[in-house]
Amino acid sequence: MPTTPLSVTSRLPQVGTTIFTVMSALAQQHGAINLSQGFPDFDAPAELLALLGEAAREGHNQYAPMTGMPLLREAIAQKVQGLYGAAYDPGDEITVTAGATQALFTAIAALVHPGDEVIAFAPVYDSYGPSVALQGGHLVPADLPAPVYRPDWAQVARLITPRTRMIILNSPHNPTGAVWTADDMAALAALVKDTRIVLLSDEVYEHMVFDGLRHESVLRHPALAERAVVVSSFGKTYHVTGWKVGYALAPRELMAEFRKVHQFNVFTVHTPSQVALARFMARPGWYEQLLALYQGKRDIFRQALAGTRFELLPCQGTYFQCVRYAAVSDEGDQSFVARLTREHGVAAIPLSAFYPDGRDEGVIRFCFAKSATTLEQALERLRRV
C-alpha cells in the first residue's frame, strides 16, 4: 500500500555530522594516526580503574541522586575551595553531569529564552551554537583575533544589546589553546556589571595551563562567579573521556533552574564512576602530575615541528596545538586535512569548523594527548610533509 511521505522540519537545518566524527572516521578508513578528536589514547590511572571495580562490587550500581553522589559533590566543593578559594554548597550549588557537553547544553536550555542573544568567542566550540539555536536564541560571535586569540573587549562591548542574555567563555580555549588573563576577567566583569547577563564558563582544561601561567577561573572572581555557571570535566582531568562525567557549579538560584532541566535531560549519572572519582580525588599531587604530563607532550610536539613548513601558533593551555600550513599548501583547510589524512597518515581538525561563518584562515588543530609512541610516529610523518 502507498504510504504518505513523512515530513520532517529540522530544528537544526544547517547542522550535519560533527567534524570530529568525520575526521575520526576518515582516519580509521585510511589507517591514519588520529590527532583530530580530543581524547587520550593512553589509559586512566590503574588506581582509578581499581576503584571503579571496587565501587561496583560494593553495590553502587543503582540510580545515584539526581544531583550526584553526595561524596563526589563534597569532593568537588573541597577542590574548588582549595584551588580557587570559592565556597560552594554541595547540597544546592553543585551538580554532577553526564559530561561537560551535557552540562553546557543544560545551562543554555535552563537560562536562554527565545529571542535571547548569546555572545560566544570565535572560533567557537561546536556544541555552543546548536544548543543556543534549540532554545530559540541567537549566537552572536565575538572574534578572537589570530595568532594569540585573545578577546577584543571593545568589540564585545559593541555586541552587547538589551537582548544579550548570556556570554559563553572558554579558557583554556578549545581549539586555539589561548588562556585568558586576570585583566581579561576584570574587563568582562566591568562589561556585565549591573546587567541581566549570565555567564557560562567552560573550564574543562582548567588543569592544563603551561609555562607558569595561572588558570583564571571564574571562581577566582566573585563579581563573575555570582552570575555564572562553571563547567568542568572529569574525563579531561583523569583520562576517562568515555566515562562521560562532569560537573557544574552555580549560585543556588541559577543551579535551581539548571536542575529543573537536568532532571529531565539525563536525570542522573553513572553511579560507580562517581564513587571511584570521589575516592581518587583524595589522592594528592594529581593536578601537578597532569600539568607536567601535558606540558611535556606539548614541548615534544613543538620541538619536533620547529623548523618544518608548519608555522606553530602559541599554545598556552589545553592539549591542542594549532598550526598554519601556508608554506605547505594553498588548499582550503578542510581539503588539506583530508589530504593530510589520506596521503600522510595523520588526521587533524580544520579550524573553519569552529567559525559560525565557516571562515578559512589556513589553520588546523592537532591533539597531542597521545602516548609517546603515537606522538613519535605522527611527528615523523608530519616532518616529511
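## Packing of α12 and α14

In this predicted model, helix α12 (residues 286–305) packs with helix α14 (residues 372–383) at an angle of about 20°, and their axes are 10 Å apart. Angles under 35 degrees count as roughly parallel, so α12 is roughly parallel to α14. The crossing of the two helices is right-handed.

On the α12 side, the contact is made by Lys297, Ile300, Phe301, Ala304 and Leu305. These meet Ala372, Leu375, Leu379, Leu382 and Arg383 of α14. By class, the contact of α12 with α14 has eight nonpolar residues, no polar ones and two charged ones.

## Largest pocket

The largest pocket has a volume of about 650 Å³. It is lined by 22 residues, and those closest to its centre are Gln14, Val15, Asp126, Pro130 and Ala353.

Helix α5 (residues 128–134) supplies the largest share of this lining, three residues. In the lining of the largest pocket, 13 residues are nonpolar, seven are polar and two are charged.

## Second largest pocket

For the second largest pocket the volume is about 460 Å³. Its lining consists of 24 residues, with Gly38, Thr101, Tyr125, Lys236 and Lys244 nearest the centre. Two or more lining residues come from each of α4 (100–111) and α9 (234–238), and α4 gives the largest share, three residues.

The lining of the second largest pocket comprises nine nonpolar, ten polar and five charged residues.

## Cavities

Rolling a probe the size of a water molecule over the atoms shows where empty space is left. The structure holds two cavities of 30 Å³ or more.

The largest cavity contains about 50 Å³ of space. Phe121, Tyr128, Ile168, Leu169, Asn170, His173 and Trp180 form its lining. Strand β5 (residues 164–170) contributes the most to the lining of the largest cavity, three residues. Five of the lining residues of the largest cavity are nonpolar and two are polar, with no charged residues.

## Second largest cavity

About 30 Å³ of space lies in the second largest cavity. The residues that line the second largest cavity are Val80, Glu203, Glu206, Leu219, Val230, Val231, Ser232, Tyr247 and Leu249. Strands β7 (228–233) and β8 (246–249) are the elements that give two or more residues to this lining; the largest share, three residues, is from β7.

In the lining of the second largest cavity, six residues are nonpolar, one is polar and two are charged.

Conventions
Residues are numbered from 1 along each chain as its sequence is written. This is a predicted model: local features need pLDDT of at least 70, side-chain atom pairs count only at pLDDT 80 or more; totals for chains, interfaces and linings use all residues. Side-chain values use heavy atoms; hydrogens and water are left out. Axes are lines fitted to C-alpha atoms, for helices over the stretch in contact, and angles run from 0 to 180 degrees between N-to-C directions. Helices (H or I, at least four residues) and strands (E, at least two) are DSSP runs, numbered from the N terminus. Angles under 35 degrees count as roughly parallel, over 145 as roughly antiparallel, 65 to 115 as roughly perpendicular and the rest as oblique. A crossing is left-handed if the near helix is turned anticlockwise from the far one by less than a right angle, and right-handed if clockwise. Contact means heavy atoms within 4.5 Å. Ala, Val, Leu, Ile, Met, Phe, Trp, Tyr, Cys and Pro count as nonpolar, Asp, Glu, Lys and Arg as charged, and the others, Gly among them, as polar. On a 1 Å grid over the protein atoms alone, a cavity is a set of points where a 1.4 Å probe fits but cannot get out, and a pocket is an open set with protein on both sides within 12 Å along at least five of seven lines; lining residues have an atom within 4 Å of a point. Grid points are joined across faces, edges and corners, and a volume is the space filled by probe spheres set on the points.
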